[in-house]
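Colleague: Thanks for making time today. Could you walk me through this model, one question at a time?

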Amino acid sequence: MIRQTTATVHLSAIAHNCRAIVDMLTRESTAAGRPAPGLIAVVKANAYGHGAVPVARTLEAAGASMLACADIEEGVELRRAGVGLPILVFGALSLSDLDGVIDYDLTPTVSTPSAARRLAALAERRGVTLPCHLKIDSGMNRLGFRHDNLGRTMPAVVGSPHLKIEAVYTHFATADVPESPFLDEQRRRFERALAALGALGVGRCGRHAANSAAMLRDARTWYDFVRPGLLLYGIVPPPLASSLPLRPALSLSSRIVAVKGVRRGEGSGYGLRWTTDEPRTIAIVPAGYADGLDTRLAGRGVVLVRGRRAPVVGAVSMDMLAIDVTDMTVDPGDEVVIIGRQGDDEITAREMAAAIGAIPWEVVCRLGARIERKFED
Ligand SMILES: *Cc1c(COP(=O)(O)O)cnc(C)c1O
């Protein structure tokens with residue numbers, strides 16, 4: 001290892017979070033006299049920046065029923081690494097190179113008429129019946145067949161002898177907006193769509209809808225599978241709270257590479273956006289926006305050094321940032337925790353996101369390719 005800034009991914013935390021979710025689903029479903037939903041573990045975007053292949057292998061061993069990726073390329077990466085669980089591809093597929101779906105045994109989403117046509121043609125050409133999941137747009141207005149127009153759109157999809165609809169799903173727009181009644185509205189639209197699909201000849205199949213936030217908010221969204229992403233990584237979607245015993249899976253740390261005094265009236269960094277009217281001591285940390293650290297951390301973020309909080313001062317540069325360590329005794333080589341625990345204190349991805357007006361998904365997904373991921377148990 002050469003660089004100072006590294007992310008440590010605790011695979012045991014991901015396994016623990018997965019089991020905590022499965023246990024909760026099992027306990028609550030059993031209490032309600034229902035079968036527990038299976039877990040479709042979302043590992044898109046390099047497993048939210050955590051490293052797709054090790055995370056997928058961990059989730060496979062920890063009891064996930066299926067994995068989900070954004071596109072065919074992500075699914076192919078997992079298959080090439082030997083991942084055997086079924087893999088759902090969320091993306092649109094209307095322009096993709098589709099052969100990978102069959103060559104790598106991926107489960108595509110049929111979410112547009114053109115995807116349906118192209119997948120059916122591919123399956124016919126390859127002489128197979130292709131298992132797929134059908135996506136219903138219940139109000140997000142992104143991908144999926146409109147919930148209120150299925151009589152028009154479904155005959156072509158259902159009529160294809162080459163597509164086998166294994167499951168039907170939808171996605172919620174406002175699951176993390178507790179005051180919005182739209183989650184409930186989408187859930188009711190989805191249920192009406194399921195009934196309509198039955199009448200249109202879609203046979204019995206799996207149903208799924210819940211991302212992390214919906215899963216926490218309403219057990220009626222669980223159906224046959226839930227689709228959490230963020231929770232698996234140990235982060236509760238803001239502003240929700242959860243009693244699940246989750247552990248953050250990723251920490252990000254670096255080391256101080258330089259310490260220097262800034263005199264009265266001087267500034268630091270591009271634009272000299274931070275200036276001081278009294279002598280201050282700053283330390284330079286070799287992590288910047290090229291590593292995925294948001295430029296909005298300037299003046300808003302904090303890091304942990306020697307168990308204390310040090311504010312990020314001045315502009316975040318491409319490859320480094322500065323922190324104010326006045327009144328602290330620090331030396332080059334001291335550990336700097338950007339996300340994670342040091343001593344008794346912890347900075348979570350959720351806290352960092354809140355400090356800069358971002359969302360925790362963004363904070364972890366953006367961690368740069370330059371940052372080495374160390375995988376630990
Ligand atoms: C990303 C994604 C999820 C997981 O969302 P979280 O909020 O991270 O739980 C579930 N379903 C779909 C369709 C997604 O794109």
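Modeller: Gladly, and one definition comes before the questions: buried means under 20% relative accessible area, exposed means over 50%, and partly exposed lies in between, with a 1.4 Å probe and protein chains only. This is a predicted model, so local features need pLDDT of at least 70 and side-chain atom pairs count only at pLDDT 80 or more, while totals for chains, interfaces and linings use all residues. Residues are numbered from 1 along each chain as its sequence is written, and side-chain values use heavy atoms, with hydrogens and water left out.

Colleague: What percentage of the residues of the chain count as buried?

Modeller: The chain has eleven helices and 21 strands; these are DSSP runs numbered from the N terminus, helices being H or I with at least four residues and strands E with at least two. Its C-alpha trace spans about 75 × 45 × 35 Å along the principal axes. Of the 377 residues, the share that counts as buried is 53%.

Colleague: Why is the pair of tyrosine 48 and tyrosine 233 classed as it is?

Modeller: Rings of Phe, Tyr and Trp (its six-membered ring) pair if their centres lie within 6.5 Å; planes under 30 degrees apart count as stacked, over 60 as edge-to-face and the rest as tilted. The structure holds three aromatic pairs. In this one the centres are 4.7 Å apart and the planes are at 25°, so the pair is stacked.

Colleague: How many residues apart are tyrosine 48 and tyrosine 233?

Modeller: Tyrosine 48 is in helix 2 (residues 44-48), whereas tyrosine 233 is in the loop between strand 10 (225-226) and strand 11 (250-255). Tyrosine 48 is buried at 5% relative accessibility, and tyrosine 233 is buried at 1%. The pair links distant parts of the chain, and the separation is 185 residues.

Colleague: Phenylalanine 190 and tyrosine 223 form an aromatic pair too; what is the angle between the planes?

Modeller: Phenylalanine 190 and tyrosine 223 are both buried. Their pair is edge-to-face, at 5.3 Å centre to centre, and the angle between the planes is 80°.

Colleague: Is alanine 47 buried or exposed?

Modeller: Alanine 47 is found in helix 2 and has a positive phi of about 50° although it is not a glycine. Alanine 45, in helix 2, also has a positive phi of about 50°, and at 31% relative accessibility alanine 45 is partly exposed. With 0% relative accessibility, alanine 47 counts as buried.
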